[in-house]
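Trainee: I would like to learn how to read the features of a model one at a time, beginning with a single residue and ending with the ligand. Could we take them in that order?

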Amino acid sequence: MIAQVLVVDDDPIQRRLLKNAVERYGHVAHLAENGLAALEFLRTNRGPINVIVLDLMMPEMDGLSFLTAIREAGVDTPVIVQTGQGGIETVVEAMRAGAFDFVVKPVSPERIGTSISNALKLDQKEAKARIGRRRTGAIGFADIVSASPDMLRVIDLAQRAAHSNIPVVLEGESGVGKEMVARAIQSASDRANKPFITVNCGAIPHNLVESILFGHEKGAFTGAAEKHTGKFVEADGGTLFLDEIGDLPLEVQVKLLRAVQQGEVETVGAGKVQKVNVRLISATNKDLIEEVRAGRFREDLYYRLNVFPITIPALRRRKEDIPHLARVFAERFSQEQKLAKSVTVSADALGLLTAYDWPGNIRQLENAIFRAVVLTQGDELGEADFPQIAAQVPEFRSAELAATAVIVPVANPVQAKRETVIDANFPGARADAAQSARPDPRALLAAAYPSSDNVIASTDDAGEVRKLADVEEELIRFALKFYRGQMSQVARKLGIGRSTLYRKLKDYGIDPDDPLREAA
Ligand SMILES: Nc1ncnc2c1ncn2[C@@H]1O[C@H](COP(=O)(O)OP(=O)(O)OP(=O)(O)O)[C@@H](O)[C@H]1O
């Protein structure tokens, strides 16, 4: 596959080196000199970007801020971060912010090539699933997973709105489900079999908004080679969903007001108006009244559109919905991935997912479950399947640290024949005298990992000590699964060099190109 790779680096020499490396593997390189320029590029670029190679230390907007900004915006393109020697703290932060892999400068073309092809494997699976997931067909209220009183109220209001043609404004952060609710309103209305047309006002260049909404005649302006039917006319008889309405330029707002008030649109360059019958549902993640106060949104249009406002709360404000959503997504993705048996979500994992605040809301949760279902080797998702989430939830951080483990004997006589892997950094795990008054670390561990997913036995069924090589193999497989096949991270966490890791994979018969396939 020829990938579109965005290289973000302030150093022109480094940019050129990376461009050469990217092109050497047959991919296309796009260049940006800092985070701001890269954001602008993503906003305006028409085609998809498959991988981003990101420097961390840059003026204007550094790599970490860029990474956080795109993740918050719901962009989940795999990001490979580059760092100088010794910048490991920042790298850890970047991994926590959702980076896919990291490379240390100066990076060899082979290393960057391997990292890009690993990132693409994941991206392709995601892209396929996204196509499967793109909900273009009819979505009804029954598809909206909800358990919290707040969300049930939203559904109740939306169902009432569906019975009339009243203009609705859906307010809420990105990814809370505004479009889903809009589609459900359309499905439950008497326009159910009519078009549902979506326009993302924030994603189209300002100079094109008017022609996209209202259409243009051939030759209406330079570059208008063909006549174009506007979205209002396309939606005639059905529903027009205007997403990010707060981003609409003021001059287009005037025309929109006329369309709403009089039910007429004027095609650019046509010089005459046309009647349309369109139900409007708008969505915004901005505070529209604030936009009115700031003079960026017309007050008359605000009152026209905002007849029936419905606010969809952020996921962190309705945490009761999280376990239900997680289970439904795990079931759905298991079916999409054609798994023999549907993957379930363990109680521990549900605890972790519920503890997290989900800045990207349901879209982020959906993506996290998707990745976990694709990458897991088992049939139950545990905390270890969400390392990046665990790293961001203070009380679960131990789950990540648990991968750096030492073996200590189990004191419990019931389990005397077994020894357990315990996190060296787990609170209280260091057995010095000063800690003797603290809770038994093994009890803490048992409480934290009741399913013993994270336990490696050091004696076999006959009660004999296992071979060191067997334990080592098991630990390497665990680490591969835990770090989702990210070799540099696995080697670093295991405290061995990458070449040693590769040698051991060979010794134990684990395919280095596809370690997850065999890792249990
Ligand atoms: N209650 C829900 N039950 C099941 N899936 C949901 C629910 N809410 C949202 N989703 C899913 O989450 C994803 C994001 O939802 P949607 O696109 O409707 O959000 P949005 O608020 O319109 O986001 P944006 O403002 O970024 O456009 C979609 O894949 C959608 O199917």
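Trainee: Is aspartate 76 buried or exposed, and how many other C-beta atoms lie within 10 Å?

Mentor: Start with the cut-offs: a residue is buried if 20 or more other C-beta atoms lie within 10 Å of its own, exposed if 12 or fewer, and partly exposed in between, with C-beta atoms placed from the backbone. Aspartate 76 has 21 other C-beta atoms within 10 Å, and therefore counts as buried. This residue is found in the loop between α3 (63–72) and β4 (79–83), where helices (H or I, at least four residues) and strands (E, at least two) are DSSP runs, numbered from the N terminus. The C-alpha atoms of aspartate 76 and asparagine 50 are separated by 9.6 Å, with the two residues 26 apart along the chain.

Trainee: What should I keep in mind about the model itself and its numbering?

Mentor: Residues are numbered from 1 along each chain as its sequence is written. The model is predicted: local features need pLDDT of at least 70, side-chain atom pairs count only at pLDDT 80 or more, and totals for chains, interfaces and linings use all residues. Across the protein there are 22 helices and 18 strands, and buried residues make up 36% of its 520 residues.

Trainee: Which residues of β4 are buried on each side of the strand?

Mentor: In a regular strand the side chains alternate between the two faces of the sheet. In β4, Val79, Val81 and Thr83 are buried on one side, and Ile80 and Gln82 are buried on the other, so that both faces are covered. Because five of the five residues of β4 are buried, this strand is largely enclosed by the rest of the structure.

Trainee: In what order do the strands of the open sheet with β4 run, and which strands pair with β4?

Mentor: Two strands pair if DSSP finds at least two bridges between them. The open sheet has five strands in the order β2-β1-β3-β4-β5, with parallel pairing, and its edge strands are β2 (28–32) and β5 (101–104), each of which pairs on one side only. β4 pairs with β3 over four bridges in the parallel sense, and β4 and β5 also pair in the parallel sense over four bridges. Isoleucine 80 in β4 stands opposite valine 53, and its bridge partner in β5 is aspartate 101.

Trainee: Across which strands does α3 lie, and at what angle does this helix run to β3?

Mentor: Axes are lines fitted to C-alpha atoms, for helices over the stretch in contact, and angles run from 0 to 180 degrees between N-to-C directions; two residues are in contact if their C-beta atoms, placed from the backbone, lie within 7 Å. By that reading, α3 lies across β1 (4–8), β3 (51–55) and β4, and runs at about 150 degrees to β3.

Trainee: Where does glutamate 60 lie, and what is its phi?

Mentor: Most residues other than glycine have a negative phi, and most peptide bonds are trans. Glutamate 60, in the loop between β3 and α3, has a positive phi near 70 degrees, and with 12 other C-beta atoms within 10 Å this residue is exposed. Lysine 338 likewise has a positive phi, of about 55 degrees, although it is not a glycine; it lies in the loop between α13 (321–336) and β15 (344–345), and counts as exposed with 6 C-beta neighbours inside 10 Å.

Trainee: What is the strand order in the open sheet that contains β13?

Mentor: The order of its five strands is β7-β10-β13-β6-β14, and the pairing is parallel. The edge strands are β7 (196–200) and β14 (308–311), each pairing on one side only. α7 lies across β6 (168–171), β7, β10 and β13, and runs at about 165 degrees to β13.

Trainee: Which residues are closest to the ligand, and which domains give residues to its shell?

Mentor: A residue is near a molecule if its C-beta atom, placed from the backbone, lies within 6 Å of it. The ligand is surrounded by 21 residues, of which the closest are Val145, Ser174, Gly177, Lys178 and Glu179; α7 (178–188) and α15 (361–375) are the elements that give two or more residues to the shell. Domain bounds come from an automatic or database domain assignment, and the ligand lies between domain 2 (141–313) and domain 3 (316–399) because both give residues to the shell.
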